[in-house]
Amino acid sequence: MSIAIRTISKDFGTFKALRDVNLNIESGELVALLGPSGCGKTTLLRIIAGLEAADQGHILFSGEDTTELHARQRNVGFVFQHYALFRHMSVFDNVAFGLRMKPRASRPSETVIRQKVHELLGLVQLDWLADRYPAQLSGGQRQRIALARALAVEPKVLLLDEPFGALDAKVRKELRRWLRRLHDDLHVTSIFVTHDQEEALEVADRVVLMNGGRVEQVGSPQEVWDHPASPFVYGFLGDVNLFHGRAHEGEMRIGDNLHGVRLESPEHSTTQDAKAFAYVRPHELEVRRYVTGEDRNRHFERTQGGIPARLVRAIVVGPIARLELSPLDAFTAGSGDIIEAQMGAQQFREMALKEGETLALTPRKARVFVA
């Protein structure tokens, strides 16, 4: 089932939760609504489910306007962050609940219900827990039971609100892989809300970045990572460093003539001496020892100079060395007092870098925005 979201807006008092949101979701897609707390992603999910009413706009399921339909009439499965299982019911009865609550005319027989519940418990690989109660399950098991219960009524749309947010990191990673495999088997149109960038990029077919009640960008995980549409998207997806400078005729200068770099930015070829800022991911920073008295023309004309920074801390875990550096020019870095860089642990050991020494940082790749 495809979903069309048309000009949806929602206010809570003076707070604008959603502002003129438009979005198309194709049948069988797994889409992530990603953004910080308060960006409107859960409100949008609840409006799609019929649990919340929009102030304006329409929700269409396969072209049919469902805006005025009650949640029970939308045939939507909903999975909450905190499981919402009935504590007094066994696992079997929790999964069977939705089927037993159907109107008498469409309610399956108890024999069919029993068969279907066991099939679903097998699907989520927990059929051996049918007689247990929620309190006897782990968090990951409870969430899989909640998903089985949502699937029991054969929903046309599956909605998940921070489904793994209450779980520890290892279980969360296992369950999101499992959810991706399950979706590939079932192909139910699914939307899940998360604030975890890694989760969205790993699981979803497409990612919807939201901020301040608006959609900032929609695309595949690779598209939004490689081509962020706005400073917000660039800053939200993964670790990133922010540098201030000036843009002029297709170049951005960070730092001064003696201690800085020039970045090519052909997209700003007509810009004349304007404030600018560049986003650089930690692994895109080349790190070398800072040498005083470097040839000015060499590092200026060939853009081989470096931003001087003092190595504050080095964290070596496995194959990666993460460096925390303090820029010598306080006006260069805009993401706090620390610049983060990454390199291979072997390279770090070979360079024998020491905390406290001054290094030169050169972006291999950057995205420049004009203020």
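Biologist: How do the residues lining the largest cavity divide into nonpolar, polar and charged?
Modeller: This is a predicted model. In it, the lining of the largest cavity has 8 nonpolar residues, 2 polar ones and no charged ones.

Biologist: Which residues are they?
Modeller: The lining is made of Leu30, Leu151, Leu158, Leu160, Leu179, Leu182, His183, Leu186, Val188 and Ser190.

Biologist: Which element gives the most to that lining?
Modeller: Helix α5 does, with 4 residues. Both α5 (169-186) and β7 (157-161) supply at least two residues each.

Biologist: What volume does the largest cavity have?
Modeller: About 70 Å³.

Biologist: And how many cavities of 30 Å³ or more does the structure hold?
Modeller: The structure holds 1.

Biologist: New topic: helix α3. Which of its residues are buried?
Modeller: Ile113, Lys116, Val117, Leu120 and Leu121 are the buried residues of α3.

Biologist: Where do they sit around the axis?
Modeller: They are on the same side of α3, because they cover an arc of only 135 degrees around the axis.

Biologist: What do those buried residues pack against?
Modeller: Two helices: α2 (91-100) and α4 (139-152).

Biologist: What span should α3 have, and how far apart are its end C-alpha atoms?
Modeller: Helix α3 covers residues 110-123, which is 14 residues. At 1.5 Å a residue, α3 should span 20 Å. Its end C-alpha atoms are 20 Å apart, so the two values agree.

Biologist: Which residue with a positive phi follows α3?
Modeller: Gln125. The phi of Gln125 is near 60 degrees.

Conventions:
Residues numbered from 1 in each chain as written. Predicted model: local features only at pLDDT ≥ 70, side-chain atom pairs only at ≥ 80, totals over all residues. Heavy atoms only, no water. Expected span 1.5 Å × (residues − 1). Buried < 20%, exposed > 50% of the residue type's maximum accessible area, 1.4 Å probe, protein only. Arc of directions from axis to C-beta. Contact = heavy atoms within 4.5 Å. 1 Å grid on protein atoms, 1.4 Å probe; cavity = no way out; pocket = protein on both sides within 12 Å on 5 of 7 lines; lining within 4 Å. Points joined across faces, edges and corners; volume = space filled by probe spheres on them. Nonpolar A, V, L, I, M, F, W, Y, C, P; charged D, E, K, R; others polar.
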